[in-house]
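Hi everyone, thanks for coming.

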Amino acid sequence: MRLFRYLIFVGLFLCLLGACERDDLCSAGIPKTPNLVLRFLDANITNDFKTVPGLRVVYPEVNDSLPANGGTFANDSIGIPLPTGLGEFTTTIVMVKDAANANLRNPDTIDIRYLAQEVFISKACGFKNEFILQQITVRNDNDNWIRNLLITNDTIQNEFQAAVRIFH
Amino acid sequence: MNFKQRCVFFISLSGFFLTTPFALAQQGKVNPYDTITIRDRYGLRLGVDLFKPARTFLEDDFTGFEIVADYRLTKKHWLAVELGYDDRTKNEDNSNSTIEGSYVKAGFDYNMHNNWLGMENMIYVGLRVGVSSFSNTLNSFNIQSNNPFFGEVTVEPGTKFDNLSAAWGEALFGIRFEALPNVYVNMNIQFKGLLNNTDPPNFKNFHIPGFNEVNDFGDFGFGFSYSVSYFIPFYERTREKAKK
C-alpha cells in the first residue's frame with residue numbers, strides 16, 4: 001500500500017506539470033504589418049533615384065507626423081505606415097519637402113485608396129495586415145513638387161520592394 | 001499480520017503438514033494438494049474523469065467531461081476506450097477563439113505489475129489512437145503593426161469554422177488500483193503526437209479536444225488524467241498455479 005501512496009504523490013506532482021505551458025513569444029524579428037515603401041526618382045531622368053531634401057511625412061487624420069528618422073531606409077526611399085484594420089480605406093498623407101526651411105517648405109497632399117486584409121502569423125503574434133493598393137494620387141495645389149506617382153507593386157506583403165515610385 | 005501474510009503462512013503450514021508423509025514416497029511429482037486454484041475476474045470497467053468536471057466548475061473558459069471504459073482481454077491486456085467533449089475558449093495575447101467538439105480514443109493497456117493474491121491493481125503502459133471532430137470560432141484578434149505609430153487595432157469577426165478534425169497517437173503510462181471493492185482509481189500521463197490536423201484557412205487550432213494544447217513549435221502534446229471507475233465482472237477464468 002505504501003507503493004500506491006507514493007504513486008499518488010507522483011500523480012499529484014504530474015498534475016501540476018500538466019498545467020505548465022511553454023510561453024510562446026512574438027519576437028521582434030518576426031515581420032508584422034509591412035510599411036508602404038516609396039522610392040523617389042528624378043522626373044526628368046526617370047531612371048535616376050533622387051533624394052528629397054528635408055522630407056517630413058505628416059498624417060493629418062491623426063494630427064501627427066513621423067519623427068525625423070521614422071521609417072527611412074536610405075536617402076531615396078522611405079517606408080511609411082498605413083492605418084491598419086480590415087476592409088477598404090482611403091487615407092491622406094502630406095509629404096513636405098524642405099520642412100525645416102520656412103522659405104522653401106512645400107507640402108503636397110497624397111490620397112491613397114487601399115484594401116487591408118488580415119493574415120495569420122502565429123499563436124503568439126496573432127495577425128498582421130497585407131495591403132492591396134488601388135489608387136494613389138496627389139492633390140493639385142499649383143506648386144506641386146511631386147510630378148508623378150506610379151504603383152510598381154500593388155500587393156504589399158513585405159518591405160523588400162518599393163510599392164510606389166514618386167517622380168519629382 | 002495482514003491478510004497477505006496470514007494467507008502465505010496458512011498455505012505454508014498446510015502445505016508442510018499435508019505433503020510431509022507423501023514427499024518421501026513421491027519425490028519429483030507435483031502433489032495435487034499443493035495446487036491452489038486462482039481465479040481471475042474478467043469484465044468491464046466504466047468510469048468518469050474527475051479533472052474535467054472540476055475544471056468545468058473552477059475555470060470560466062472550460063467545459064468538458066470524459067467517460068472511460070476498459071475491458072479485460074487476457075491476464076495482462078485490456079482494451080481501453082475514452083470518450084469525451086471539450087469546450088475551451090483560448091484567450092491569447094493577440095487573439096480569442098473558442099474550440100468546441102468531441103473526441104474518442106481507443107487502444108490497449110498492458111499491465112506490467114504482478115499482482116499478489118486477491119489483488120487487482122495495475123501499473124500499465126498503453127497506446128491509443130484518438131480522433132476528434134470540432135469547430136473553431138475566431139472571436140477577436142489584434143492586428144500587429146511594425147510601426148508603433150498607429151497602435152493596435154482589434155477586430156471582432158466572430159467567424160466560425162466548422163467540420164474540423166484531427167487525429168493523433170498516444171503513449172500512456174499510469175496506475176490503476178482498487179481503492180474500494182470494485183471501485184478503481186486511475187491516474188495516467190499521456191504523450192501525444194499529432195497525425196493529422198485541419199487548420200482553418202488563415203488561422204490555427206490552438207486546442208484540440210482530447211489532444212489539449214497545440215504548440216507553435218511542434219506536433220506533440222501532453223495530457224494527464226485522473227478517473228474513477230466501477231468494475232462489472234462478467235466471468236472468471238481459472239489459473240493453475242503449482243507450488244512445490
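**Rings, charges and an interface**

Let's begin with a cluster: ring pairs join Phe120(A), Phe127(A), Phe141(B), Phe203(B) and Phe206(B). Please keep in mind that this is a predicted model. Counting over all chains, the structure holds 16 aromatic pairs.

I've picked out two of those for you. In the pair of Tyr114(A) and Phe131(A), the ring centres are 5.3 Å apart and the planes stand at 90°, so this one is edge-to-face. Angles over 60 degrees get that label. Where do the two residues sit? Tyr114(A) belongs to strand β7 (residues 106-122) of chain A, and Phe131(A) to strand β8 (residues 126-138) of chain A, so the pair ties together parts 17 residues apart in sequence. Are Tyr114(A) and Phe131(A) buried or exposed? Both of them are buried.

Now for the other pair, over in chain B. The rings of Tyr71(B) and Phe234(B) have centres 6.1 Å apart and planes at 50°, so we call the pair tilted. As for accessibility, Tyr71(B) has a relative accessible area of 26%, which makes it partly exposed. Phe234(B) is partly exposed as well, at 48% relative accessibility.

Over the ring of Tyr184(B) sits the charged end of Arg45(B), 4.5 Å from the ring centre. Likewise, Arg55(B) lies over the face of Phe62(B), and there the distance to the ring centre is 4.1 Å.

While we are in chain B, have a look at Ile38(B), which you will find in strand β1 (residues 36-49) of chain B. Ile38(B) has 9% relative accessibility and so counts as buried. How far is its C-alpha atom from that of Arg239(B)? The separation is 5.0 Å, although Ile38(B) and Arg239(B) are 201 residues apart along the chain.

Let's turn to chain A as a whole. Of its 168 residues, 43% count as buried. If you take contacts in chain A between residues at least 6 apart in sequence, 55% of them join residues at least 24 apart.

Finally, the interface. Chain A brings 38 residues to the contact and chain B brings 33 residues. Between them, chain A and chain B bury about 3,200 Å², with 69% of that on carbon and sulfur atoms. How many salt bridges cross the interface of chain A and chain B? The rule finds zero. Polar contacts do turn up, with nine residue pairs counted between chain A and chain B (both at pLDDT 80 or more). On the side of chain A that touches chain B, the elements giving two or more residues are α1 (2-18), β3 (64-65), β7 and β8 of chain A. The largest share of that side comes from α1(A), with nine residues.

That's my tour, and I'm happy to take questions.

Definitions and conventions
Residues are numbered from 1 along each chain as its sequence is written. Chains are lettered from A and ligands numbered from 1 in the order in which they are written. This is a predicted model: local features need pLDDT of at least 70, side-chain atom pairs count only at pLDDT 80 or more; totals for chains, interfaces and linings use all residues. Side-chain values use heavy atoms; hydrogens and water are left out. Rings of Phe, Tyr and Trp (its six-membered ring) pair if their centres lie within 6.5 Å; planes under 30 degrees apart count as stacked, over 60 as edge-to-face and the rest as tilted. Helices (H or I, at least four residues) and strands (E, at least two) are DSSP runs, numbered from the N terminus. Buried means under 20% relative accessible area, exposed over 50%, partly exposed in between (1.4 Å probe, protein chains only). A charge sits over a ring if NZ of Lys or CZ of Arg is within 6 Å of the ring centre and within 35 degrees of the ring normal. Contact means heavy atoms within 4.5 Å. Buried area is the accessible area (1.4 Å probe) that two parts lose on being put together, summed over both. A salt bridge is a side-chain nitrogen of Lys or Arg within 4 Å of a carboxyl oxygen of Asp or Glu. A polar contact is a pair of N or O atoms within 3.5 Å; within protein, one must be able to donate a hydrogen and the other to accept it, and residues adjacent in sequence count only if both atoms are side-chain atoms.
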